[in-house]
Amino acid sequence: MLLCSRLPSSTPTTLRTMPPHGDQEVISRLSNELLLLVFNQNLPSATLAACAQTCKSWNRLATAVLYKHVTLTSTRKLASWSTATPPSLDATVQTLTICVTKVQTATGPEDPAITMEELRQSLGRLQVRISRMSELESLSITTPKKLTRGLWVSNTAISKILDNVPNKCLGLELVIRNGPYQASAEDAESHLCVAIRRLIPNLQFVRLALPSLCSECFGYVSSVDSPASEPIFTAVELPKLRECIIILASPKLGNNVERFDKPCNPDVSLASVNAIVESLVSLAGLGKAPAIEKLWVYDCLPGSDDEGYSYGAFVRRDVLANKSYTFPWNDIAPLKRADSFFIRMPEEEGGDDMITTRDNAACLVERHAWLTVGNGARLPAALMTKHGLHEQDCPVQTRTQWFESSKISTALWKNESDTGMRLLHGESGDLLENRPAVFRIPESWERGVLGFLRKAEL
Ligand SMILES: [Zn+2]
């Protein structure tokens with residue numbers, strides 16, 4: 001059989017156009033360096049897997065590339081990878097992305113209890129395997145928004161995984177939206193922030209959204225002797241930290257907001273937005289993070305009940321700049337399209353209107369700090385560049401592009417066109433200020449129906 005004819009159609013042209021005669025000879029003449037160069041060209045996993053089956057030497061080289069960026073986009077993939085992949089490949093893993101999902105069967109969603117047990121076992125195996133990933137640079141564990149109730153990622157399991165992350169790892173993303181449900185006694189006792197605090201001195205890039213999160217991620221909080229005394233926060237040294245994004249809320253349907261800042265421990269009061277921001281101010285002010293470039297708490301304010309004139313607001317609290325930036329948002333056509341999420345950038349960042357998906361809007365607010373690459377891997381932007389990877393296509397449209405593709409307009413745009421004025425501003429304010437997105441009605445105009453203004457009857 002001709003070796004090259006076994007390659008799938010997605011194989012790069014250089015491989016597919018090799019002469020049909022003497023393939024063995026041609027391949028044997030390619031140096032390992034050249035083959036590695038080709039295999040590293042962002043080939044789809046299926047192509048690399050096919051290359052790995054071609055011959056012994058290709059197998060060694062393609063496998064090393066295949067297991068460099070391990071991306072497990074479902075609970076089932078995590079289960080099969082953690083049982084079937086030879087442990088000898090752990091040392092080749094440089095980035096590890098895990099997405100915990102509900103499991104669908106032919107007859108519908110699998111029983112959450114079965115999925116949960118499988119997940120528990122997979123995470124248990126991962127605790128052991130991650131300690132052998134000596135080249136690991138980045139770890140991302142996320143759960144999608146719509147996870148079956150009853151399925152969550154145990155704090156205990158994640159803490160044990162974090163405790164086994166090798167020292168070389170410089171990026172950590174934890175986006176876990178599900179709080180414990182029927183948590184075990186061990187899990188109820190577990191405090192994930194403390195495991196993060198043990199790991200964070202090694203890290204350069206951190207992105208966190210957890211059901212409960214407190215200042216103990218970044219330091220120690222003294223216990224209080226009496227109700228009158230305030231707990232005292234003492235920051236740890238974070239010599240390598242360059243970018244840290246803490247997500248405390250995100251938009252949900254109907255201009256509402258989902259919050260992630262529940263207290264980890266009801267006895268510790270340092271769990272509010274203010275407390276977390278203030279502990280980061282203290283950390284930066286004391287020079288505990290000398291390499292820090294980006295220290296953002298990303299918050300979200302709900303819209304008002306003012307139908308037709310109501311906009312929610314992302315709030316980026318920039319600790320180093322000591323300022324907050326508001327990004328008004330709204331879902332233009334939630335029932336028609338998934339990419340109808342409107343966001344208006346702050347004036348200082350151009351003030352443009354962008355229309356995209358809800359998740360991608362968050363990515364715009366975070367200024368593309370962590371990215372999803374073509375195969376689904378999640379990693380910090382700096383590492384994506386280093387590895388020559390490319391970002392997954394994100395559907396971001398300008399106002400003009402959106403209107404051309406959807407023919408859907410908004411009352412805001414119509415009103416701004418009619419009045420000749422900008423009625424909604426992405427503003428900046430004090431670091432801890434809550435500055436909701438305010439729809440302004442200009443003089444000589446008044447409210448009509450469905451958010452449309454009309455000339456006031458003077
Ligand atoms: Zn905590």
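Helix H10 is mostly covered, with seven of its eight residues buried. Buried here means under 20% relative accessible area, exposed means over 50%, and partly exposed lies in between (1.4 Å probe, protein chains only). Helices (H or I, at least four residues) and strands (E, at least two) are DSSP runs, numbered from the N terminus. The model is a predicted one: local features need pLDDT of at least 70, side-chain atom pairs count only at pLDDT 80 or more, and totals for chains, interfaces and linings use all residues. Residues are numbered from 1 along each chain as its sequence is written, and side-chain values use heavy atoms, with hydrogens and water left out.

The buried residues of H10 are Leu192, Cys193, Val194, Ala195, Ile196, Arg197 and Leu199. Their cover includes helix H8 (155-163), strand E6 (171-175), E7 and E8. Contact means heavy atoms within 4.5 Å.

The ion is coordinated by His191 (NE2), Cys193 (SG), Cys214 (SG) and Cys264 (SG), at 2.1 to 2.3 Å. Histidine 191 sits in the loop between helix H9 (185-189) and helix H10 (192-199), and cysteine 214 in the loop between strand E7 (205-209) and strand E8 (219-221). This pair links distant parts of the chain, 23 residues apart. Donors are N, O and S atoms within 2.8 Å of the metal (3.2 Å for Na, K and Ca); water is not among the atoms, so sites may look incomplete. The site is tetrahedral, with angles of 105 to 115° among its four donor atoms. Four donors count as tetrahedral if all angles lie between 85 and 135 degrees. Along the sequence, the donor residues follow the spacing H-x1-C-x20-C-x49-C. Histidine 191 is partly exposed, at 23% relative accessible area. Cysteine 214 is buried, at 4%.

Helix H15 (residues 411-419) has Ala411, Leu412, Trp413, Asn415, Glu416 and Thr419 buried. Strand E16 (341-344), strand E17 (353-356), helix H14 (399-406), strand E22 (445-447) and strand E23 (453-455) are among the elements that cover them. Glutamate 416 belongs to H15. Its relative accessible area is 10%, so glutamate 416 counts as buried. Leaving aside neighbours within four places in sequence, glutamate 416 is in contact with Arg344, Arg399, Met421, Arg422, Leu423 and Leu424. Glycine 420 follows H15, and its phi is positive, near 70°.

Most residues other than glycine have a negative phi. Two residues depart from this pattern. Asparagine 322 has a positive phi of about 60° although it is not a glycine. Asparagine 322 lies in the loop between strand E14 (312-318) and strand E15 (323-331). With 52% relative accessibility, asparagine 322 is exposed. Histidine 368 has a positive phi near 55°. Its loop runs between helix H12 (358-365) and strand E18 (370-372). Histidine 368 is partly exposed, at 31%.The second largest pocket has a volume of about 690 Å³. A pocket is an open set of points on a 1 Å grid over the protein atoms alone, where a 1.4 Å probe fits, with protein on both sides within 12 Å along at least five of seven lines; lining residues have an atom within 4 Å of a point. The lining has 28 residues, of which Leu43, Ser45, Leu66, His69 and Asn375 lie nearest the centre. Strand E1 gives the most to this lining, with four residues.

Note on methods
Tetrahedral: all angles 85-135°; square planar, octahedral: opposite > 155°, others 65-115°. Points joined across faces, edges and corners; volume = space filled by probe spheres on them.
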